[in-house]
Amino acid sequence: MRDLLSREVKTSELLRALIVVGPMVAAYFISRETALLNLGLVAVSLLIPALRQHFPPKVVAWHYLAILVTFAALFLAAPVKPLFVVLTALAGFLAVAGTRYGEHFRTLGNWVFIPAVYLACEVREGVSASEAIRHAGVIVASSPIALALVCAIQICDQRLRGNAATSFGPPAADWFLPAAATAMAVFAAAALVEIFNLAQGQWVMWSAASVVVGDLTASTGKLKQRAIGAFVGAPFGFLAGLALPQSRVGYAIAILAATLTLISFSRYVVGFGLRCFFIALAASFAGGVSGIAEERIVNVLIGGTFGLIAVALTEIVWLRVMRKTRSPG
């Protein structure tokens with residue numbers, strides 16, 4: 001069992017994530033302000049690329065600024081649905097286009113896109129405009145705490161291990177194709193969410209972008225992993241929720257656990273399955289578990305399907321363009 005856990009769980013990353021996300025949960029217990037739980041996503045989004053690319057605090061600060069600017073743009077555009085759809089697609093394109101300057105910019109781009117889109121949808125879900133503005137204001141005003149905690153982690157690591165060089169890898173030669181596919185997939189997903197007012201629409205957009213990981217074979221494999229995680233994790237979370245009473249403490253712990261799954265597991269399918277489990281469990285503790293499992297599964301599949309279609313279309317168009325350029329005359 002110990003060997004299994006050591007293979008599956010990234011203990012070092014888990015401990016660091018607890019350091020940066022734990023204080024948000026503690027602050028929620030004291031203040032009862034739910035926006036502080038959402039701040040945990042900002043913290044872990046800063047931490048993941050910082051650990052992988054050995055970012056110094058200055059780069060972490062630029063990453064933090066990019067998240068806030070993207071979140072603010074999407075949040076302010078939300079009342080104008082066509083503008084929100086276009087800006088979300090643009091954010092998806094830019095998240096991948098950075099690989100033109102280094103293939104590891106994809107990690108950085110993903111962890112700008114994910115928290116910005118998630119929070120822009122989450123803070124306005126089922127609340128008035130004034131409450132959404134207040135919620136967003138709390139997140140922005142409190143966000144320097146997340147930045148400070150991640151920078152502190154990086155400074156301590158650099159002192160213990162030495163100043164590891166920050167590297168974004170070699171430039172990606174074929175950066176435009178996946179960037180265009182991501183933009184197409186996110187545009188379709190965001191349009192569907194806005195036209196039909198889908199609940200938890202961020203799951204559709206997030207899934208659409210996350211599936212675009214290379215060619216059609218790789219993207220299909222990613223969707224299979226997400227589908228397995230959703231089909232297993234969400235129903236089990238629903239069943240566990242049926243046996244437990246509503247609880248503010250349980251809700252906070254489930255949200256904390258769901259956030260930690262973003263960084264703590266070696267295999268994607270395990271982390272995603274547990275994330276779906278804890279999200280369904282959190283909904284149960286909050287008294288809103290009805291339909292959450294089906295919602296999560298459907299949204300993951302819809303978004304992933306948009307991603308696969310976008311990858312297939314861009315590959316077909318690209319092959320036709322290449323044939324024309326190579327044909328004589």
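User: Why is V138 called buried?

Analyst: Buried means under 20% relative accessible area, exposed means over 50%, and partly exposed is in between, with a 1.4 Å probe and protein chains only. V138 has a relative accessible area of 18%, so V138 is buried. This is a predicted model, in which local features need pLDDT of at least 70, side-chain atom pairs count only at pLDDT 80 or more, and totals for chains, interfaces and linings use all residues. Residues are numbered from 1 along each chain as its sequence is written, and side-chain values use heavy atoms, with hydrogens and water left out.

User: Where is V138, and what does V138 touch?

Analyst: V138 sits in helix α7, residues 129-161. Helices are DSSP runs of H or I with at least four residues, strands are runs of E with at least two, and both are numbered from the N terminus. Not counting residues up to four places away in sequence, V138 touches E33, A35 and L36; contact means heavy atoms within 4.5 Å. V138 and E33 are 105 residues apart in sequence, and their C-alpha atoms are 8.7 Å apart in space.

User: What makes A61 partly exposed?

Analyst: The relative accessibility of A61 is 31%, so A61 counts as partly exposed. A61 lies in helix α4, residues 57-77. From A61 to A148 there are 87 residues in sequence and 9.1 Å in space, C-alpha to C-alpha.

User: How do you know that α5 is roughly antiparallel to α6?

Analyst: The axes of α5 (residues 81-97) and α6 (residues 105-122) cross at roughly 160° and come within 7 Å. Axes are lines fitted to C-alpha atoms, for helices over the stretch in contact, and angles run from 0 to 180 degrees between N-to-C directions. Angles under 35 degrees count as roughly parallel, over 145 as roughly antiparallel, 65 to 115 as roughly perpendicular, and the rest as oblique. The crossing angle therefore makes α5 roughly antiparallel to α6.

User: Which residues make that contact, and how many are nonpolar, polar and charged?

Analyst: On α5 the contact is made by F84, T88, A91, G92, A95 and V96, and on α6 by F105, R106, G109, N110, F113, V117, A120 and C121. By class, nine residues are nonpolar, four polar and one charged. Here Ala, Val, Leu, Ile, Met, Phe, Trp, Tyr, Cys and Pro count as nonpolar, Asp, Glu, Lys and Arg as charged, and the others, Gly among them, as polar.

User: Is E194 buried or exposed, and what is E194 in contact with?

Analyst: E194 has a relative accessible area of 6%, so E194 is buried. E194 is in helix α8. Leaving aside neighbours within four places in sequence, E194 is in contact with K81, F84, V85 and R124.

User: Why do G237 and T314 count as buried?

Analyst: G237 has 0% relative accessibility, so G237 counts as buried. G237 is in helix α10, residues 216-242, and is in contact with F277, A280 and L281, leaving aside neighbours within four places in sequence. T314 is at 8%, so T314 counts as buried. T314 lies in helix α13, residues 292-326, and touches L177, A180, A181 and M184, not counting residues up to four places away in sequence.

User: How do you know that the radius of gyration agrees with a compact globule?

Analyst: The radius of gyration is taken over C-alpha atoms, and the globule rule is 2.2 Å times the number of residues to the power 0.38. With 329 residues, a compact globule would have a radius near 20 Å; the chain has 20 Å, so the value agrees. The C-alpha trace spans about 75 × 50 × 45 Å along its principal axes.

User: How many helices and strands are there, and what share of the chain is buried?

Analyst: The chain has 13 helices and zero strands. Of its 329 residues, 48% count as buried.
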